[in-house]
Amino acid sequence: MNLLGHIKDSIIEFKEAIFFFLAFQLIRDVSIVIYIQDYTFYQLSKMVFLGSISNFFFLIPPFLFFRFSVKKYLYIISPFLVLSNMFYLVHLFHLKSPITLGAIAVIAETTPKEASEFINTIGWDILISSILLSILPLLLLFFFFKKQHKVTFRQKLSIFLLLPVYVFLLFLLKPSHKGRVWQLNPINNSFIYKDFKQVAYYFREQNKLKTYIKKRPSYLFKSTYKGKEDTFNVVLVIGESMSKYHMQLYNYARETTPKLNSLKNLYIYKDVISSATQTRESIIRMLSLANGKYLELFYTKGSIITAAKEAGFNTYWLSNQMILGISDTETSVVAMDAHYTKFINSDWNTSSLDKKLIPYFQNVLNNDTMKQKFIVIHMLGNHFKYENRYPPGADYFSNEKFHFPSYLNKDEKEIMNHYDKSIRYSDEFIYEVIEELKKTNEPTVLIYLSDHGEEVYDDERLFIGHGSPDIRKEVIDIPFFIWHSENFTDTLQIEKFRKSINNKYCSGDLFHTLADIMYLSFDDFDTTKSVISNSFKNAPRKVLNSNNQMVPYSLINPESE
């Protein structure tokens, strides 16, 4: 038989398998289009075609070495396909986002009790719909595929003669490779391959997390609590991508923080910068003794949470960010220093709103009988996509007259509007945290700062984001404020808050400010680096950019230094 004859026979034998993979791919891709609504018909068709053929080439090679029919082989691999699609669809239907590393971490580490709570949260309608759609392709196997004979090795092998044709079509349909030939790998479009990559990534990051935790020794600060209050709560709220230049609290010409503006006992710091332009780099410098480009002290000594634990504080980390990932794993190392940790989010792209943390926060306040508590709340805050950071239909700014910069077009104005709405929602969240603290009638201090700022079309460069190595002040100048409850009566400390609001400060020294606020005493605590201390010393400030270079702040904002 000639070559074309072998290919023809192979296509006949494998056509059911191709349709089988097509059914799984079609369900997944159509669901994405319906829920995300950001694709044209051409894009959908391309996704379905490339994905289904890519699945075929990814999953058929093992079949070369088995001596049974294609149909039997499809029965064997179908449970993996069904489970993969089921988890994917549940995540997509519930969170309006494709499944990611964070979601895999949640699935892998969920207890039966948490799984039950999650099912009640998403609703049985989503769960049942996802299951039914995932098993739908199996009907092809049961009812429509004819009984097959065993395929010869030559027939199996000849199907791969179609690979050059597929790669050629791949090149035509995805022309923007810019020299990255590896993107023409025919299995790159397989959702099964992508799911395997995500699972492998999870295990790599989980192993990295365990390695980091083991690498950090059980360092003792020999920290003690020197406060006069028997009962004392300290809450640190870490924001995400909040620009002080879009806050009413910092004289922005829009009511983005009306609730914070209404608070008494609020001390707003005027000149605080982030130590870095990215979350990971910023937070590990905030909460440990690591400084500048050098992270040795992050690994060789503990965090401020460690020092608080030693001094008798019960410690908590409540997070609306992810436990694993390029921006998250090292942050989670610090989080794991706490007595209790809770991560409620699985993906940057989800609409996981920060107020979902409130019930966990209430539980800590109501059920912890320890006299001293240190609680860290890590917000998702104002991270892109901004429209996912506040409730749909939120009626913010509906009656206002706000003049957008003249250089913005309609779409850019809409993005800025989304960002300002996310600030307004963050204002509500922080205010609600403070209201919960008031209910305890316990002496309390709350500190808020953002990990870094954000550029949101602040000039005619029309840049949006925070990761550029060319640092602008909007990315580095961050909001920082301290609030205390009415029954916090340490007048000396309150006076220190009041007198220090104009100090020029960098969040990389937050470790020392937190130690000062918690009345901790230990050798590594440097009062000259605490913004509230009477011993505080202004020092030249530097910022770590995304190229791992230290940039003097005087070059970023000469007017401030």
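Of the 561 residues in the protein chain, 56% count as buried. Buried means under 20% relative accessible area, exposed means over 50%, and partly exposed lies in between, with a 1.4 Å probe and protein chains only. This is a predicted model: local features need pLDDT of at least 70, side-chain atom pairs count only at pLDDT 80 or more, and totals for chains, interfaces and linings use all residues. Residues are numbered from 1 along each chain as its sequence is written, and side-chain values use heavy atoms, with hydrogens and water left out.

Start with the whole chain. It holds 21 helices and 15 strands. These elements are DSSP runs numbered from the N terminus: helices are H or I with at least four residues, strands are E with at least two. The chain exposes about 26000 Å², and carbon and sulfur atoms supply 58% of that area. Accessible areas come from the Shrake-Rupley method with a 1.4 Å probe; for residues, only the protein chains shown count as cover. Among contacts with a separation of 6 or more, 78% come from residues 24 or more positions apart. A contact here means heavy atoms within 4.5 Å.

Now turn to strand S7, residues 372-378. Seven of its seven residues are buried. In a regular strand the side chains alternate between the two faces of the sheet. In S7, Gln372, Phe374, Val376 and His378 are buried on one side. Lys373, Ile375 and Ile377 are buried on the other.

Which strands pair with S7? Strand S2 (residues 232-239) runs parallel to S7, joined by seven bridges. Within that pairing, Asn233 has Lys373 as its bridge partner. Strand S5 (residues 314-319) also runs parallel to S7, with six bridges. There, Tyr316 is bridged to Ile375. Two strands pair if DSSP finds at least two bridges between them.

Next, the aromatic rings. A search of the whole structure finds 21 aromatic pairs. One of them is Tyr267 with Phe497, a tilted pair at 5.9 Å centre to centre and 55 degrees between the planes. Rings of Phe, Tyr and Trp (its six-membered ring) pair if their centres lie within 6.5 Å; planes under 30 degrees apart count as stacked, over 60 as edge-to-face and the rest as tilted. Tyr267 lies in strand S3 (residues 266-268) and Phe497 in helix H19 (residues 491-499), so the pair ties together parts that are 230 residues apart in sequence. Tyr267 is buried at 15% relative accessible area. Phe497 is buried at 0%. Both rings belong to a cluster linked by ring pairs, which also includes Tyr225, Phe232, Phe313, Phe488 and Tyr519.

Two arginines meet aromatic rings as well. The charged end of Arg28 sits over the ring of Tyr88, 3.9 Å from its centre. Arg254 lies over the face of Phe402, 4.5 Å from the ring centre. A charge sits over a ring if NZ of Lys or CZ of Arg is within 6 Å of the ring centre and within 35 degrees of the ring normal.

Most residues other than glycine have a negative phi, and most peptide bonds are trans. The bond from Phe384 to Lys385 is cis, with omega near 10 degrees. Lys385 lies in the loop between S7 and helix H17 (410-439). Asn265 has a positive phi of about 60 degrees. Its loop runs between helix H11 (258-261) and S3. Asn441 also has a positive phi, near 55 degrees. Asn441 is in the loop between H17 and strand S8 (444-450). Is Asn441 buried or exposed? At 60% relative accessibility, Asn441 counts as exposed.
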